[in-house]
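Subject: Structure handover

Hello,

Here is the structure you are taking over. My notes on it come after the files.

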Amino acid sequence: MKASASPAFPFFPWLVLFAAFAGFPSTQSRAAGAEQTAKILASAQAFLGTLDEAQRGKVNFAYDDAAQRKRWSNLPVSMAEHRGLRMGDLKPAQRDAVMKLLATTLSKMGYEKVVGIVESDEVLRKESSRSSPAFGRDEYFISFVGKPSITEPWMIQFGGHHLALNITIAGEQGVLTPSLIAVQPAKFTLDGKTVRPMGRETDKALELVLALSEEQRKQAILGSQMRDLVLGPGHDGEMIQPEGLKASALNEAQRKLLWELAAEWSGIIHDTAAAAKMSEIKTHLADTWFAWSGPLEAGKAYFRIQGPTVFIEYAPQKLGGDVTMHIHSMYRDPGNDYGKKFSAK
Amino acid sequence: MRAVLLGCLWVAVSGESFAHRLDEYLQATRVSVATNRIDFTFELTPGVEVAGQVLEQMDPDRDGRISQDEGNAYAQRFLNDLKLSLDGNPAAIKVTSASFPPGQEIRKGIGTIRIQATSDAPSLGAGSHALQLSNGHLPAISVYLVNALQSNDPLVEIGKQTRDELQKDYRLEFRIRRAKP
């Protein structure tokens with residue numbers, strides 16, 4: 001796995017933002033979604049075609065396997081059970097097929113972020129002692145929950161330390177929630193380039209909080225320390241009471257900053273699904289809350305975006321020393337985690 | 001010899017330090033309000049460097065295994081360190097369930113203890129109410145998170161949450177709506 005496209009430069013998902021702002025006609029977006037699902041299905045089948053029978057037995061889970069659906073964590077794989085196929089156990093062509101599947105399922109920005117997170121874990125592996133938990137690009141797992149299909153719902157799970165992608169494909173729809181996006185080290189050098197897999201969200205959040213008036217900031221800033229995610233792994237189905245500053249109190253430019261910040265998570269999935277999600281978030285933007293805890297410095301503060309269809313937490317971690325180098329984040333949809341809205345149809 | 005041992009310990013700790021909680025005991029509380037009771041979920045995760053102190057309380061016979069009795073005793077000791085009041089009056093809180101990971105997981109800093117508790121509040125009538133919770137359990141090593149869950153009950157309206165900087169002291173304002181006849 002190699003970070004072929006460098007996330008070092010500030011990539012901006014203009015296409016996705018434009019599409020969501022413009023609002024695709026639903027027939028067009030449905031057709032685009034169906035086309036993307038067909039491509040994802042083809043990539044999934046191509047990967048399955050590279051596997052032997054034993055491997056196929058390991059990678060496939062029934063759609064109603066609730067235990068596998070929830071078997072994800074921020075912990076290294078030696079500390080938390082993962083099932084599926086381990087990247088380190090795959091042949092190069094099989095690993096390439098996994099990466100192609102991810103590239104098809106995610107946006108360019110999302111794919112670069114995921115590759116960056118995996119590469120950061122590889123840095124961790126190289127810097128760790130032998131007694132350390134298993135880190136590195138070999139320690140990620142791929143699995144399917146449900147049979148890949150053009151019409152029926154199914155899931156792709158890809159994850160390991162600091163990463164849990166739970167992607168539900170349901171006909172023309174694609175859902176990325178719940179997903180854990182985290183990184184350590186948050187900044188490293190790869191092939192001579194500086195890589196910050198979660199750099200844009202870190203910078204955009206600071207831009208937003210600095211764009212608030214003093215009065216708005218008073219409301220947004222929680223008066224207490226937030227030492228971790230509140231709704232991290234293991235908290236499916238829970239939702240906390242929103243706090244902070246409601247976006248109805250923001251001006252248009254501030255709302256745009258908030259929306260673009262949320263796009264760093266909602267835009268990880270492929271562009272068509274991302275555009276639909278971002279349009280949905282925009283619809284509910286006035287009922288969306290922004291909360292901040294910590295200093296007004298990049299990467300040193302916890303923040304949360306919470307609305308009717310989105311829940312995002314970003315929590316710098318003390319472990320490892322420099323909090324800016326170790327970030328955990330969680331992306332949820334209060335009403336549609338694991339695509340339950342689409343699966344119920 | 002001592003230097004070698006300390007060196008080994010440092011390597012072990014620094015290697016592990018990338019992955020999980022280290023020198024803090026995270027106590028995360030979620031509060032759920034119903035019209036006649038308040039439910040609490042406490043998730044307690046000791047970091048690897050403080051796990052020994054927590055295990056001393058949890059596993060007094062030091063056999064490395066947290067028995068049902070030891071677990072129940074710890075859960076009760078934890079609740080004894082809390083102060084709960086409803087509308088300014090002290091309120092009782094009782095354990096409804098508790099689960100403990102293997103001692104080995106706790107020692108590694110990846111084990112989370114889960115305690116469910118409830119406070120019966122049959123006298124909660126329609127109107128505004130305030131709950132106050134102070135957590136005084138192992139304060140020297142602990143960090144805290146406390147949040148109210150959104151209520152699915154249309155009669156319950158969650159209001160303002162106030163915390164001190166560490167989230168040891170928490171106040172939740174809520175309102176119970178009058179049920180339509």
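Below are the conventions, followed by the findings.

This is a predicted model, in which local features need pLDDT of at least 70 and side-chain atom pairs count only at pLDDT 80 or more, while totals for chains, interfaces and linings use all residues. Residues are numbered from 1 along each chain as its sequence is written, chains are lettered from A and ligands numbered from 1 in the order in which they are written, and side-chain values use heavy atoms, with hydrogens and water left out.

Strand 14 of chain A

Helices (H or I, at least four residues) and strands (E, at least two) are DSSP runs, numbered from the N terminus. In strand 14 (residues 327–332) of chain A, six of the six residues are buried, so the strand is largely enclosed by the rest of the structure. Buried means under 20% relative accessible area, exposed over 50%, and partly exposed in between (1.4 Å probe, protein chains only). One side of strand 14 of chain A carries A:Ile327, A:Ser329 and A:Tyr331, and the other A:His328, A:Met330 and A:Arg332. Strand 14 of chain A pairs in the antiparallel sense with strand 7 (residues 179–183) of chain A over five bridges and with strand 13 (residues 310–316) of chain A over six bridges; pairing requires that DSSP finds at least two bridges between two strands. A:Ser179 is opposite A:Tyr331, and A:Glu313 is opposite A:Met330.

Chain B

Chain B has four helices and ten strands. Of its 181 residues, 46% count as buried.

Salt bridges

Over all chains, the search finds 37 salt bridges, each a side-chain nitrogen of Lys or Arg within 4 Å of a carboxyl oxygen of Asp or Glu.

- A:Arg125 and A:Glu122 form a salt bridge (2.7 Å, N to O). They are three residues apart in helix 6 (residues 108–127) of chain A, and so separated by about one helical turn. A:Arg125 is partly exposed at 40% relative accessible area, whereas A:Glu122 is buried at 5%.
- A:Glu238 forms a salt bridge with B:Arg30, with the closest N and O atoms 2.7 Å apart. A:Glu238 lies in the loop between helix 8 (214–220) and strand 10 (245–246) of chain A and B:Arg30 in strand 1 (residues 25–33) of chain B, so the pair joins two chains. A:Glu238 is partly exposed at 23%; B:Arg30 is buried at 3%.
- A:Lys113, A:Arg200, A:Glu201, A:Lys204 and A:Glu264 are linked in a salt-bridge network.

Regards
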